[in-house]
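Before you read further, please look over the structure shown here with its open spaces in mind. The note that follows is meant for someone meeting it for the first time.

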Amino acid sequence: MEENYTKMGIYDDIVQTIGNTPLVRLRKIERYFGLKNELYAKVEFFNPGGSIKDRIGKYMIEGAKKEGKIVEGAVIIEPTSGNTGVGLALVAADEGYLTVFTMPDKMSIEKELLLKALGAFVIRTPTAVSPSDPNSYYKVAEAVRNLIWKKERAISREELREIVEYVQRLVREERLEELEAILEEKVEETPYAYIPNQYFNKYNPIAHYETTAREIWEQTNGEVDYLFAGIGTGGTITGIGRYLKERKDIKIIGVDPIGSIYNLVKKGTSLEEAVKRAHPYLVEGIGEDLLPDTVDLNLVDDIVVVNDQQAFAMTRFLARKEGILAGGSSGAALYGTIKYLKENGVEGKKAVVIFPDTGRNYLTKIFNDKWMLERGFEIDDEKVLEVLK
């Protein structure tokens, strides 16, 4: 009898199940859009936390332990659009660390509830502020860390709750001077609070070099010509791109939302000018208004720009057409893939596109017609996608 199901194994803990996600051929998408290429999706919601970020959650915590940056009883704090937080929270729960995540207001309520379900504390921050603003999710994470460092010891969950509630109050009431004072006070670094900082953490691209990229290489027997991925921290596209380019001549194509700086910087715009032109957008988890250490744009051959409407229409269409319920960044990546292949007349190639997370995080948003209409989006997805046919 033909084996129809994935092989089951026995694992010592949930962390061991991270990785080894399937590659799925998108035959119906190929036919619908008239693609003359084989298109495969690396479906990362098969990870236990529902996203590709489980991989870096594991690597960043293991790396911090190895380097003595965290000890037993430590608190892990991270600015996150949600998925990295879930990956870190999952590994931290398994290993006994407390967690706090700072998250911009635009991120879905599902992500906040998911983090809390895994035992984390969440602080919401304004979306439309610069990274250097004391109210930004980057700086608020540093404020929490500094308050824990001041204690010079491991703190209890109750003590952490008090710190989190205090900082959330400062953010909500826009008491920027008090936040600034916490950030500026000189405190001794301790291993009792740690910000992995996915934007500047070497283990972010390393995780993808050592796991995601190897899996793609093995799954395709090295027969992959194009790799498409959204760029958030850039760790995914950098780690995978480096590994694959060491082995063959392959095109690595990034997908960037309008409002992000990557496409501008890649085209030669100065970082200062690109940041001035950055503006908010609604697709979550990709694009940036800063240039992280974890991205190497030299490994990226080209970047396709996609807007929110295109990303969301493709996300919704993908669920109905292929039965793959993925998030908005997956829709953006797929739209960018099809647009690039068609505009450049690419035929007879094998392309892999990264689908970073599950659509279950966005049921109240992208998959909710009311939410879409209230924000002026078209909900006739086929009509939006007509231009790609």
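Predicted model: local features only at pLDDT ≥ 70, side-chain atom pairs only at ≥ 80, totals over all residues.

1. The largest pocket has a volume of about 800 Å³, and 49 residues line it. If you wish to find its centre in the viewer, look for Tyr137, Tyr281, Ile286, Gly287 and Glu288, which are the lining residues that lie nearest to it.

2. Several elements contribute to the lining of this largest pocket, with at least two residues supplied by each of α3 (83–95), α5 (137–149), β7 (226–230), α9 (235–247) and α13 (328–343). Among the contributors, α9 gives the largest share, which amounts to three residues.

3. By residue class, the lining of the largest pocket is made up of 23 nonpolar, 19 polar and seven charged residues.

4. The second largest pocket has a volume of about 340 Å³. It is lined by 20 residues, and those closest to its centre are Glu142, Arg145, Tyr194, Ile195 and Asn197.

5. Which elements each supply at least two residues of the lining of the second largest pocket? They are α5 and β6 (193–194), and the largest share, six residues, comes from α5.

6. The lining of the second largest pocket divides into 12 nonpolar, three polar and five charged residues.

Conventions
Residues numbered from 1 in each chain as written. Heavy atoms only, no water. 1 Å grid on protein atoms, 1.4 Å probe; cavity = no way out; pocket = protein on both sides within 12 Å on 5 of 7 lines; lining within 4 Å. Points joined across faces, edges and corners; volume = space filled by probe spheres on them. Helix = DSSP H or I, 4+ residues; strand = E, 2+ residues; numbered from the N terminus. Nonpolar A, V, L, I, M, F, W, Y, C, P; charged D, E, K, R; others polar.
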